[in-house]
Amino acid sequence: MKIIDKNRWEPADGLMLEPAALQVVKSEDNALIIAGPGAGKTELLAQRACYLLETSTCKVPRKILAISFKRDAAKNLAERVEKRCGTELSKRFQSMTYDAFAKSLVDRFYLGIHEDYRPDSVYDIAVADRTQNDIRTAYEHAGFIPPAGMRPGDINNLLEKEIVRHSLPLPLDNKYPTRAAWSLLLKGEVTSTARLSFAMITRLATYLLVSNPQLRKALQLTYSHVFLDEFQDTTNIQYEFVKACFHNSNSVLTAVGDGKQRIMVWAGAMREIFPTFQSDFGATTYRLVMNHRSAPRLIEIQKMFFSRFNEQPISIQTNPKWQASDGRAYLHLFENHIQEAQAIGGIVQSYLADGSHKPNDICILVKQKIDVYCSEMITEFNKIGIQARNEGVYQDFLKEDFISLCIHTMIIAIRRNAGSWTYCRNIFLDLKNMDETSSKIHESQRELSDFIKKLKSDLRSISNENDLGNILKEICDFYSIDALKAYFPQYLRSNYIEKLRLQLAKYLWEEYIKAGSLDIAIDNLLGKNTVPIMTIHKSKGLEYKTIIFLGLEDAAFYKFADQREEHTATFFVALSRAKNNLHFTFSKVRPIGLYRDDQDRKIIMDFYHALRDSGVVEPVVHTIM
């Protein structure tokens with residue numbers, strides 16, 4: 001491909017970047033970009049990748065590594081880069097999560113880990129839910145005795161943090177039997193297989209690099225440039241990993257984040273990550289001032305929170321596509337949750353009826369406990385024929401590379417879809433180590449076409465979930481499990497692909513029973529005909545025409561007094577997801593389990609003051625007739 005002169009390079013697809021963003025795109029030094037909601041962080045990184053690849057600033061065969069927190073963010077960025085600079089160049093752009101990157105290193109080079117900490121060649125991710133906690137089980141087998149009076153959930157939290165509190169190798173003296181717990185988990189001596197949490201895997205990856213300078217050097221030679229997304233939520237463990245990879249190297253790091261969206265302090269996010277990165281990596285700081293997402297009146301609401309984060313007000317610039325009067329926001333005050341469900345159902349129904357919205361243009365957000373806050377609303381939606389679901393169940397699952405490949409393969413067996421065909425074709429050729437110049441490319445394309453014809457016939461005869469599972473196994477066998485594990489390194493040393501296959505069969509069959517058509521079932525599983533419901537944490541990085549925040553009440557923010565900054569950031573993330581419309585609800589009565597049914601808003605009254613002071617939010621009092 002022809003190399004573009006750096007001075008002649010222009011942003012892909014004729015896009016206009018604000019001056020600071022263009023400086024970042026062409027920067028040759030470590031950089032920290034402070035970018036608020038809607039600033040176009042994904043587009044910025046995609047354009048930077050294009051610049052580095054198209055101008056050969058990232059020289060062949062070196063690559064760009066992008067690290068995100070969420071699978072959907074990593075996948076969205078990879079897709080954006082491919083769209084902007086083409087398939088061939090984008091092959092040198094690798095986008096993955098912190099967890100996936102750390103796991104890929106451990107899985108490929110585990111023999112380089114000292115035998116005291118070397119995991120079995122096949123291991124699973126540690127289970128940590130309400131019914132099973134592998135880390136606690138290991139500690140108990142190692143002799144741990146829980147403190148008297150401590151609740152089970154608090155014990156689990158204590159041990160999940162304790163097992164990764166120290167870098168490897170572990171210190172000899174420890175209050176808890178952590179060394180023994182590590183050993184039991186690494187060898188699978190108290191579970192059916194070895195079990196590791198992602199935080200443990202990250203500790204192992206850091207230890208691997210620190211112990212093997214040659215591997216560290218090879219990593220730095222592989223990646224000339226590194227992107228770090230949502231940097232404000234980086235934990236100490238993740239930051240130590242980044243430093244082990246790239247500190248004091250020639251790799252150029254670009255970190256993007258926003259302190260107003262730091263919502264993971266509870267999970268260990270470093271409060272001082274920005275100045276720490278600036279000091280350690282000598283990074284230049286840039287601040288973006290555009291908000292491409294939200295209508296001007298909604299940005300006025302966002303501005304009310306700048307002072308609450310001790311930030312100086314800046315002149316946020318809106319996208320020229322908006323009129324100054326665009327954007328609507330409402331505060332709905334209800335007598336009870338039943339009235340709330342009926343009213344919200346009517347609001348959603350009106351958006352769908354007037355053609356301004358598709359179901360997935362609307363998102364219902366809650367602070368926590370979707371099943372508690374949304375059960376009445378989901379029942380009401382069902383009554384009026386609106387599909388809604390807890391998107392958190394499907395979000396990460398649908399972004400799995402293996403799931404994407406299976407779904408795209410089935411789509412081209414059901415209907416014509418150029419995008420799905422290209423996706424499957426490119427992966428199939430990659431698995432065969434072929435490029436566009438190969439003499440056998442037509443033969444391989446014919447092989448794929450023949451398989452799709454057979455798959456089309458097989459799909460017509462499914463009669464139960466087991467049939468669907470067998471067809472998915474056919475897809476696995478066609479691409480080859482071993483080849484897929486090599487191509488997608490996150491699956492290399494586990495049986496995770498088989499678990500994903502069975503889960504996909506279950507989900508698809510459930511949708512097929514309801515829809516009566518596999519075509520519609522796939523679209524429903526992908527969420528195309530559904531109103532998504534999710535927690536605020538799951539909404540990070542997403543945007544919708546209309547956001548409905550359910551339950552702006554004290555009980556939802558019950559730790560506000562102790563975690564004021566983090567809870568304010570969480571609420572800021574919620575309201576900044578909206579492009580056109582915002583709805584907030586308060587219900588005087590809401591049954592939420594351990595708490596009393598009567599709700600209040602005294603603790604979070606500051607949120608209400610911010611909404612009022614914006615001059616944008618219209619109160620709507622709903623009375624019972």
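**Ground rules**

I am working on a predicted model, where local features need pLDDT of at least 70 and side-chain atom pairs count only at pLDDT 80 or more, while totals for chains, interfaces and linings use all residues. I number residues from 1 along each chain as its sequence is written, and side-chain values use heavy atoms, with hydrogens and water left out.

**Aromatic pairs**

I began with Tyr139 and Phe144, an edge-to-face pair at 6.1 Å centre to centre with 70° between the planes. Tyr139 and Phe144 are both buried (buried is under 20% relative accessible area, exposed over 50%, partly exposed in between, with a 1.4 Å probe and protein chains only).

I then went to Phe231 and Phe277, also an edge-to-face pair, at 5.0 Å centre to centre and 65° between the planes. Phe231 lies in the loop between strand E6 (223-228) and helix H11 (236-246), and Phe277 in helix H12 (residues 273-281), so the pair ties together parts that are 46 residues apart in sequence. Here helices (H or I, at least four residues) and strands (E, at least two) are DSSP runs, numbered from the N terminus. I read a relative accessible area of 0% for Phe231, which is buried. Phe277 counts as buried at 0% relative accessibility.

I also noted a cluster linked by ring pairs: Phe305, Phe309, Phe549, Phe557, Phe560, Phe571, Phe572, Phe584 and Phe607.

**Charges over rings**

I checked for charges over ring faces (NZ of Lys or CZ of Arg within 6 Å of the ring centre and within 35 degrees of the ring normal). Lys260 lies over the face of Phe306, 4.7 Å from the ring centre. Arg389 lies over the face of Tyr394, 4.0 Å from the ring centre.

The 14 residues of H2 should span 20 Å, and the end C-alpha atoms are 20 Å apart, which agrees. I found H2 mostly covered, with 13 of its 14 residues buried.

Ser56 lies in the loop between H2 and E2 and is buried, with a relative accessible area of 15%. The loop between helix H2 (41-54) and strand E2 (63-68) also holds Pro61. The peptide bond from Val60 to Pro61 is cis, with omega near 5°.

**Other backbone entries**

I found the peptide bond from Leu168 to Pro169 to be cis, with omega near 0°. Pro169 sits in the loop between helix H7 (152-162) and helix H8 (178-187).

Asn248, a residue other than glycine, has a positive phi near 55°. I placed Asn248 in the loop between H11 and strand E7 (252-257). Is Asn248 buried or exposed? Asn248 counts as exposed, at 70% relative accessibility.

**Six-stranded sheet**

I traced an open sheet of six strands in the order E3-E2-E6-E7-E1-E8, with parallel pairing (two strands pair if DSSP finds at least two bridges between them). Its edge strands are strand E3 (93-97) and strand E8 (284-287), each pairing on one side only. Strand E1 (residues 31-34) pairs with E8 in the parallel sense over four bridges. Ala31 has Thr284 in E8 as its bridge partner.

**Strand E12**

I found strand E12 (residues 362-366) mostly covered, with five of its five residues buried. Ile362, Ile364 and Val366 point one way, Cys363 and Leu365 the other way, and all are buried. E12 runs parallel to strand E15 (residues 544-549), joined by four bridges, and Ile364 stands opposite Ile548 in E15. E12 also pairs with strand E14 (residues 531-535) in the parallel sense over three bridges, where Thr535 is the bridge partner of Val366.

Note on methods. Rings of Phe, Tyr and Trp (its six-membered ring) pair if their centres lie within 6.5 Å; planes under 30 degrees apart count as stacked, over 60 as edge-to-face and the rest as tilted. The expected span of a helix is 1.5 Å times one less than its number of residues.
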